[in-house]
Amino acid sequence: MPSSNWWRTAAIYEIYVRSFADGNGDGEGDLIGLRERLPYLKDLGVDAIWLTPFYRSPMVDGGYDVADYRDVDPMFGTLADFDAMLAAAHALDIRVIVDIVPNHTSAQHAWFTEALASPPGSLARDRYIFRNSGDEPPNDWESIFGGRAWTRTPDGEWYLHLFDPGQPDLNWDNADVRAEFESVLRFWLDRGVDGFRVDVAHGMVKEAGLPSVGHPQQIGLLGREPLPYFDQDGVHEIYRAWRKILDSYPGDRMAVAEAWASTPLRLARYVAPDELHQAFNFDFLAAPWSARELRATIDACIEAADSVGAPTTWVLSNHDKPRHVTRFGSPGTARAAALLMLALPGAVYLYQGEELGLPEVLDLPAEARQDPVWHRSGGTDPGRDGCRVPLPWDASLPAYGFSTTGRSWLPQPDWAGLAASAQQGVPSSFLELYRTALRLRRTFTGPLTWHDSPAGVLDFTRDGVRCVVNLSGAAVPVPAGSVVLASGDLLDGTLPPDAAVWLRA
Ligand code: GLC
């Protein structure tokens, strides 16, 4: 595999393993099912896959509650299945990035069980964040999933969990914790993984003294205001140590941060040359469908990444956010957004099913929902199950071919028309748009230059492409040049609203 900084321009495809493909018929996606579908991904044209956690877990938070970082949960298979999948991916020149969850463990992790069984003040408790503050919790911190971030143990101490009570936060001031994660990184690097997606990369270090925020609804501020439990300066020392480990392995290993910071410049600190390689660009994901806002976001993100020599990344959907077909309100707009994203310089992260144009599933029955967000909000927040519905592979099979038995851990809506089999070879389909775009994208190089354009229109050139996106309410003329790809039909040489076109530059 060509190895030089492959991640700088890669198209990386996120696999929510539980919902991708089920190889053993139990209705839960697994590593065998994933291995069987690798040729599809090769055909799609991705450079790498990122796998959400498949480690031993009680699945309180879809596997982001890890009970054993060095083993595969039986739901997903075995370590041997992992090795076979990895070898098959590498044989197809597809790199594999795995999720690492260092902010918290599962409450069923051996360390937490030991901590609960040990007295206050013990070494076992020091690996987590326990406090004795009497009947009131130690501070006003809120769980990202709703409710307070502290749970009381029977002996009266409170422990911190920024997420579910089943996900106790680790104490990164404890040397055992640092050593353990360095060892876990090596475990997977030794097996041959190409990198890591670092979960809640901005969370591990908390402000000294654990001060209260001072007001409720803290999570609404995520990424907009400093919080004592996020983006603390001390976290960077951890990544400097991790980078040394990654660099000590051959083959261009990398890490991408899931980090929320209050400004693009603070986010850029995570991707300094001696830290991680990339960070997700949630500003792009969160930007409204507005030419002015998107252009400002694109410029700010490129400038911030350039300031530390890192590539930008772009993402429209992931396993935590409503799918962008639904967010933007129409498949046509989602197609235009995809052409915008895929023309930009840097790396892109695709979420499984976006290449099929899947919408968010809004009407899942309450009893099917599994996300702790749904449960902790008392059903007022639908949570994230709607973007995690198992993929439709084959229109003619039960569960659309997701499993061999027709089982599916979340019910699928009528997706016959969106199944991969129904789109394959249909030029106007989402799937073929993504395939063509991913193939052409490989030929684009260099930075982006904006052209003057009418209000509501984005128009830029890179070596290999000119991309024009019409976010205004009226059709606009298409600039001169031969059309190589369009998100929809052009009308008499004009680009309709909510459409995008690629021209040969
Ligand atoms: C990240 C994951 C999300 C998970 C949370 C807690 O945000 O993407 O799915 O619930 O971390 O680990």
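Q: Which residues does arginine 243 touch, not counting those up to four places away in sequence?
A: Arginine 243 touches Ala272, Pro273, Asp274, Glu275, Leu276 and His277, where contact means heavy atoms within 4.5 Å. Bear in mind that this is a predicted model, where local features need pLDDT of at least 70, side-chain atom pairs count only at pLDDT 80 or more, and totals for chains, interfaces and linings use all residues. Residues are numbered from 1 along each chain as its sequence is written, and side-chain values use heavy atoms, with hydrogens and water left out.

Q: Is arginine 243 buried or exposed?
A: Buried: arginine 243 has a relative accessible area of 13% (buried is under 20%, exposed over 50%, partly exposed in between, with a 1.4 Å probe and protein chains only).

Q: And which helix is arginine 243 in?
A: Arginine 243 is found in helix H8, residues 235-247. Helices are DSSP runs of H or I with at least four residues, strands are E runs of at least two, and both are numbered from the N terminus.

Q: OK, whole chain now. How many helices and strands are there?
A: The protein chain has 16 helices and 20 strands.

Q: How much of the protein chain is buried?
A: 58% of its 505 residues count as buried.

Q: Last one: what does the C-alpha trace span?
A: About 75 × 50 × 50 Å along the principal axes of the protein chain.
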